[in-house]
Amino acid sequence: MSRINEIGIRLFKELFKDKRTLAMIFLVPILIMWLMSVIFSSNNSTNVNLGTIGLNNGIRTELKNMDNVKLKNYDNKSQAKKAMNDGKVDVYVTQKNNNLDVTYSNTDSSKTNLSKMGIQNSVTKNTIKQLSNKIKSLTITNQMLKKSNNVIIPQSKSNQQKAFHVHNHYVYGDSNTNYFSTLVPIMMAFFVFMFVFLISGMALLKERTAGTLDRVLATPVRRSEIILGYLEAYGLLSILQTIVIVLITVWLLNVEIVGSILSVIVINVLVALVALTAGLLVSTLAKSEFQMVQFIPVIVVPQIFFSGIIPFDSLPNWLNTVSHILPLRYATDAQLAIVFNGKGLTDVWMDILILVIFAVLLTILNIIGLKRYRKV
């Protein structure tokens, strides 16, 4: 029993000497739980931007009175369509006689469902009000005719109110598109980032612990050549892995891509390169596999919170600002624009440029980080 206690006490003392491990054990879980609390409790309501073109005033009034629905008026359908492509509206309604043509972006099933319910309720309330007003008008007319001893003339069919017919159209998917379908492009980028990050980080760490990296650093080879060599080898592997993940996800889960699947692959390859350089950088900072694993909740977990899985418009302003320092924010912005709106690489060039900048900066930091291991 004394031997067991001695071993336990020794390990306990070693743990308390490792400040990084103590921070990971006590501080990081608190930080992540607090972050989750802020994100999920910040705004539980779904807000919809609804565009209208020549819509009946009664229906517009009913929609305007709805909570979480903001109306925007447009002169023609092309303006509303452009606004939807730019992400300014989630749905737009066009009226022609008694037909309502409703077009949903359908990138968020909760917004689509709220819009459907709101439009249907507004049409119903407007119809009831019109019928009520018609009954009141007929009642007054009837009373006046009775006083004058005249016979009531039946209302002609041409004067009767016709019912509105709602026709639904979808830019992305169809009426069966669910919440998971809209999350697939986001999760695709996240899993590419996570797996490439783990593989690249563990790879360089293994080279260090085995002494291979020390022997390479003892040669005249440059630090930049070592990092670029790792990027070449694991970069090719990451590209193949990314292509497999994208193709299998699209075909296996039957994900609809409005844009080009090649563009989706390009974005995910850039995500893989950023994850590769990030993994290599973390492996230069970690002293063991255990410490490498400790970086996962700090680097990988926050990516999922700020990747778009929680709508950015529901986040507090300061959290929305923080999300711009994470690469997955730009990756999912570009990917969602391609998958949902059919945009090309030239339309998301800013997101691509920022991802490239992330990869270049992390590569430079990797080269600088290797300096601490060069003894000659």
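This report describes a sheet, the helices beside it, one further helix and the nonpolar cores of a predicted model.

## The sheet

Five strands make up an open sheet with mixed pairing, and their order is E2-E1-E3-E4-E5. The edge positions belong to strand E2 (69-73) and strand E5 (165-170); each has a single partner strand, so one side of each is left without a neighbour in the sheet. On average, and with direction ignored, neighbouring strands are turned by 25° against each other.

Strand E1 (residues 48-53) and E3 run parallel and are joined by 4 bridges. Across this pair, isoleucine 53 stands opposite threonine 94 in E3. E4 and E5 also pair in the parallel sense, over 6 bridges. There, asparagine 99 has histidine 165 in E5 as its bridge partner.

E3 runs antiparallel to strand E4 (residues 99-104), with 6 bridges between them. Several facing pairs can be located along the two strands. Tyrosine 92 stands opposite threonine 103 in E4, valine 93 has valine 102 as its bridge partner, and glutamine 95 stands opposite leucine 100.

The hairpin of E3 and E4 has 2 residues between the strands. Within this hairpin, asparagine 97 takes a positive phi near 55°.

Asparagine 106 sits in the loop between E4 and helix H5 (109-147). Its phi is positive, about 60°, although the residue is not a glycine. Asparagine 106 is also buried, with a relative accessible area of 2%; the cut-off for a buried residue is under 20%.

## Helices H3 and H4

Two helices lie across strands of the sheet. Helix H3 (residues 57-64) lies across E1, E2 and E4, and runs at about 140° to E2. Helix H4 (residues 77-85) lies across E1, E3 and E4, and its angle to E3 is about 170°.

The buried residues of H4 are Ala80, Ala83 and Met84. Viewed down the helix axis, the buried residues of H4 fall within an arc of 100°, so they line one face of the helix. These buried residues pack against E1, E3 and E4. The face of H4 turned away from its buried side carries the exposed residues Ser78 and Lys82. Just after H4 comes glycine 87, which takes a positive phi of about 80°.

## Helix H15

Helix H15 spans residues 349-369, 21 residues in number. The distance from its first C-alpha to its last is 30 Å, close to the 30 Å expected at 1.5 Å a residue.

Buried positions in H15 are Asp351, Ile352, Ile354, Leu355, Phe358, Ala359, Leu362, Thr363, Asn366 and Gly369. The packing partners of the buried residues of H15 are helix H8 (223-252), helix H9 (261-285) and helix H14 (327-341).

## The nonpolar cores

In soluble globular proteins, nonpolar side chains tend to be buried together. In this model, the largest nonpolar core has 69 residues. Met188, Phe193, Phe197, Val264, Val274, Phe306 and Leu328 have the most contacts inside this core. Two or more residues each come from helix H2 (19-42), helix H6 (179-209), H8, H9, helix H12 (301-305), H14 and H15. H9 gives the largest share, 14 residues.

Another core, of 17 residues, lies apart from the largest one. Among its members are Met66, Val69, Leu71 and Val91.

Conventions:
Residues numbered from 1 in each chain as written. Predicted model: local features only at pLDDT ≥ 70, side-chain atom pairs only at ≥ 80, totals over all residues. Heavy atoms only, no water. Expected span 1.5 Å × (residues − 1). Buried < 20%, exposed > 50% of the residue type's maximum accessible area, 1.4 Å probe, protein only. Contact = heavy atoms within 4.5 Å. Core = buried A, V, L, I, M, F, W, Y, C linked by side-chain atoms within 4.5 Å. Pairing = 2+ DSSP bridges. Axes fitted to C-alpha atoms, helices over the stretch in contact; angles between N-to-C directions. Arc of directions from axis to C-beta.
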